[in-house]
Amino acid sequence: MRRVIVIILCLVGCCLAEIRQLTILQSTDIHGVFTPADRSDSSQPGSWLQLATVIADQRQKYGEDQCLLIDCGDTVQGSLTTALSRGEAAIVPLRQLGYDVWIPGNHELDYGLEQYQRFLALAGNMALGNNFRVKGQPAPTPWRLFFRNGIRVAVIGAQASFTSNWLLPQYSAQCDIERAADMLQRVLPDVHRTKPDMIVLAAHQAWFEFKDSRGVNEINDIARRFPEIDLILGAHSHRLVPGQRIGLKSWYVQPGCHGAGLGVIQAQVDISAHRVVDIASEVVPVGADTPECPQLAQALRPWLTRAKEAGRQIVLPALARPISASGRPGVNCATSELICQAIADATGADAVIHGKLSTKSLDGPAVIIADLFQLVPYENNIVLAEVTPDELAAIVSEQWTQRDNYRFCGLWGRSCRINSAGKATMVDNAHRSGETGTGNRAPKATAGNVQAGRLLLAMNSHTAAGSGVLPVLTSIIRAEAARCRDSSISTRDCVEAFLRQHPGIVVTPRQWLITGRDH
């Protein structure tokens, strides 16, 4: 008898359940790749224009009324088109394709806080995630409730909490930055009060199988602490994760980068019980034969045309000798030597720490603007600080620990000897004896009056921010005596100016970092 009652109850439950399907489409980390030519490897498929075709196909397949379209950020930086438009060209696809949600990433800050606010204004209510807020300025709402196919979907946005480690102190001081987990603790009670059928977290953060020792990504912790989140859409690391159960019950998806694929998530939702009963996903790839979307191409045409014309502009009609990206900065790399020389020329710095920002070599015969963008693909400014020779040696020692990492900066302008333990000591203990510059180079207006006994050190703004891994550098340059300041000079602009001013330049890298053996 009991068995019969159980069977009857199960049948009644099945009859009362009302299952609806929801399709969520996700892109992320497109980095201004509008056409395959914008990719560093243009032989690989993937672009906004091709991805738009895949989005249209999926919407048609599942029905637009049951689809949500979400992008998880790092949208406005990464191509010559975005550089020339100061990121604004990348908002065009978001609006043209009718995205429901956009989560700003850390690179949305590359053009400054004022331009970041401009992006938010252009994006309107599609922008979500207010754990990063510019003080005194409008901020995105943390979450929104969407209705699709009779399903109540709460989408919460989370930005990169680690942003304070990528901004110079004078800019991070203008912002309120909250851990994503703290924001969730704050807003989830409001979300629950609306009785959503499904909860989605769209974040510009990534999931890893291991603990993130730097604390850049909180997804592991979030999935463990907030099991009521049914789906987490990730970003930032450029990984391809078609679908993975993480934490207690959350489903995680991350569709790679540069428009190479679209995350397609299918959720079966019981709207009578307000719960997700099944979830599955895949990443639909963009193929080499995927056509470009003509409507988006038309909307972007003014920007793409401008970038194409600008990219062809000649900086140098002929190089005296190729400038190679091979080797190690500060030891035998010609492109990093070029960047350092250009920075010193623009600022009057006594010493420069800088690495190579890409594998791009200048091998001629001509140098055009497109070459310079590939050489310097980031929107960095030059930061100046006044340091003692001993402080410079300490900074170099710390950099040497990063020598196999993309963050590594070689030294230019002063020589350091590095012992087998990695400790650097100055070979030339020269410093400014007064306030009139060093050597035969006249002091630049940007240099100002440098304190006696100190050197004017230049670096890019990303290095100066520290990324949470350069405590020696940041403690030295943030001390009051260092008088650290943003020169407002773009790294790429000063390289262009230097090449134009020295058309016959031959770059022969000097070994500024001297070791007892080949490293």
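## Salt bridges and an open sheet

Let's begin with a charged pair: Arg328 and Asp404 meet through their side chains in a salt bridge, 3.8 Å from N to O. Arg328 sits in the loop between strand S14 (314-316) and helix H10 (334-347), while Asp404 belongs to the loop between helix H12 (389-400) and strand S18 (410-412), so the contact ties together parts that are 76 residues apart in sequence. Arg328 is buried at 15% relative accessible area, whereas Asp404 is exposed at 73%. Keep in mind that this is a predicted model.

The count of salt bridges comes to 18. Here are three of them:

| Pair | Closest N to O |
|---|---|
| Glu218 and Arg179 | 3.5 Å |
| Arg500 and Glu496 | 3.0 Å |

Glu218 is in the loop between S8 and helix H8 (219-225), and Arg179 is in the loop between strand S7 (175-177) and H7, so this pair ties together parts 39 residues apart in sequence. Glu218 counts as buried at 4% relative accessibility; Arg179 is partly exposed at 34%. Arg500 and Glu496, by comparison, are four residues apart in helix H15 (residues 491-501), about one helical turn. There is also a network of salt bridges that links Arg133, Glu178 and Arg186.

Now to the sheet. Six strands make an open, mixed sheet in the order S5-S6-S8-S9-S11-S10. Strands S5 (143-148) and S10 (240-246) are at the edges with a single partner strand each, so one side of each has no neighbour in the sheet. S5 pairs with strand S6 (residues 151-158) in the antiparallel sense over six bridges. Helix H7 (residues 180-193) lies across S5, S6 and strand S8 (198-203), at about 155° to S6.

Terms used:
Residues numbered from 1 in each chain as written. Predicted model: local features only at pLDDT ≥ 70, side-chain atom pairs only at ≥ 80, totals over all residues. Heavy atoms only, no water. Pairing = 2+ DSSP bridges. Helix = DSSP H or I, 4+ residues; strand = E, 2+ residues; numbered from the N terminus. Contact = heavy atoms within 4.5 Å. Axes fitted to C-alpha atoms, helices over the stretch in contact; angles between N-to-C directions. Salt bridge = Lys/Arg side-chain N within 4 Å of Asp/Glu carboxyl O. Buried < 20%, exposed > 50% of the residue type's maximum accessible area, 1.4 Å probe, protein only.
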